[in-house]
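Let's take a friendly walk through this protein model together. Keep the picture open beside you as you read.

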Amino acid sequence: MSEPSPFPPTAPPPRPVSPGLYLVSTPIGNLRDMTLRALDILAAADLVLAEDTRVSAKLLSAYGLKARLERCDDHASAQAAERAIARIRDGAVVALVSDAGTPVISDPGFVVARAVIAAGLPVHPIPGASSLLAALVLSGLPADRVLFAGFPPARSGARLTMLTELKAARQTLVFFESGPRLKASLTDMAAVLGPRPAAVCRELTKMYEEAVRGDLTELAVDPRCDGPKGEIVVVVGPGDTETASAADIDAALTESLARLSTGEAASEVAGILDLPRKALYRRALELQGKG
């Protein structure tokens with residue numbers, strides 16, 4: 001005779017949904033990765049802002065849901081933000097979804113979320129599927145300190161500049177990339193970052209899910225990484241733990257000081273280079289002629 005299940009026979013009942021913006025995570029491939037809470041929010045939503053309404057319409061149909069869908073892509077995010085703010089102020093529940101995964105991350109929905117926050121209105125995350133986290137845990141690389149770098153630039157020159165800025169980072173690096181650009185990106189990563197351990201993860205949660213592991217120099221010439229189909233996440237292991245040179249420190253501080261205050265720049269570089277903040281703060285003041 002089998003042991004009784006330790007779990008209740010039914011899930012907790014849904015809670016009432018109050019007005020606000022809900023950042024709803026959706027499946028990245030396997031439709032069964034939709035959470036119960038995400039379904040509750042979409043069922044209660046007065047308006048769903050979607051990166052591609054056709055993709056989101058299929059998702060809603062799969063779960064028997066109907067909702068007013070409006071476009072929120074790169075060209076419509078500013079107008080979508082205005083509509084969301086107006087609707088929430090009128091007492092509406094507005095859901096924001098991307099084509100797949102957690103919205104706002106390398107996603108036009110960021111404009112909407114930031115605008116609603118600036119307007120002082122409620123914003124709620126509805127966690128769920130994320131290709132970033134799925135690839136990170138699948139890669140087998142350290143996940144205690146991570147730097148998410150998004151999509152590398154399409155042109156090699158700009159991409160090499162970006163990678164050079166990241167070279168001194170001691171964290172695991174995570175990138176999004178497209179199939180047609182993958183081989184070129186891996187080649188540039190190998191040239192700048194060297195033979196670091198890495199993993200190319202694609203078709204996550206789908207039938208043909210794949211993780212190709214090796215060092216960057218191996219992956220750059222691996223035929224499996226030459227124009228593969230599907231959404232791709234590249235995870236690159238941390239660099240050597242050797243102390244950054246004085247030139248590296250000054251270059252990192254100078255770049256950060258162009259964007260941030262002295263204290264913020266010191267904190268940012270301290271996190272990237274794993275160095276004491278106080279020493280970096282003093283050096284930042286010297287670089288500004290204040291030390």
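## A helix lying on strands

Helix 7 (residues 179-193) lies across strand 7, strand 8 (197-202) and strand 10 (232-236), and runs at about 10° to strand 10. Lying across here involves contact, meaning heavy atoms within 4.5 Å. Helices (H or I, at least four residues) and strands (E, at least two) are DSSP runs, numbered from the N terminus. Angles run from 0 to 180 degrees between N-to-C directions, using axes fitted to C-alpha atoms, for helices over the stretch in contact.

Helix 6 (residues 156-166) lies across strand 6 and strand 7, running at about 160° to strand 7.

Please remember that this is a predicted model, where local features need pLDDT of at least 70 and side-chain atom pairs count only at pLDDT 80 or more, while totals for chains, interfaces and linings use all residues. Residues are numbered from 1 along each chain as its sequence is written, and side-chain values use heavy atoms, leaving out hydrogens and water.

## The sheet

In what order do the five strands of the open sheet stand? The order is 6-7-10-8-9, with mixed pairing; two strands pair if DSSP finds at least two bridges between them. Strand 6 (146-150) and strand 9 (210-215) are at the edges with a single partner strand each, so one side of each has no neighbour in the sheet. On average, neighbouring strands are turned by 20° against each other, direction ignored.

Strand 6 and strand 7 (residues 172-177) run parallel and are joined by four bridges. Leu147 has Leu173 in strand 7 as its bridge partner.

The axes of helix 9 (residues 246-257) and helix 10 (residues 262-273) come within 9 Å and cross at roughly 135°. This makes helix 9 oblique to helix 10, the word for angles that are not under 35 degrees (roughly parallel), over 145 (roughly antiparallel) or 65 to 115 (roughly perpendicular).

Among the residues that meet are Ile249 and Leu253 in helix 9, and Ala265 and Val269 in helix 10.

Leaving aside neighbours within four places in sequence, Leu121 is in contact with Ile85, Ile88, Arg89 and Val116. The C-alpha atoms of Leu121 and Ile85 are separated by 7.7 Å, though the two residues are 36 residues apart along the chain.
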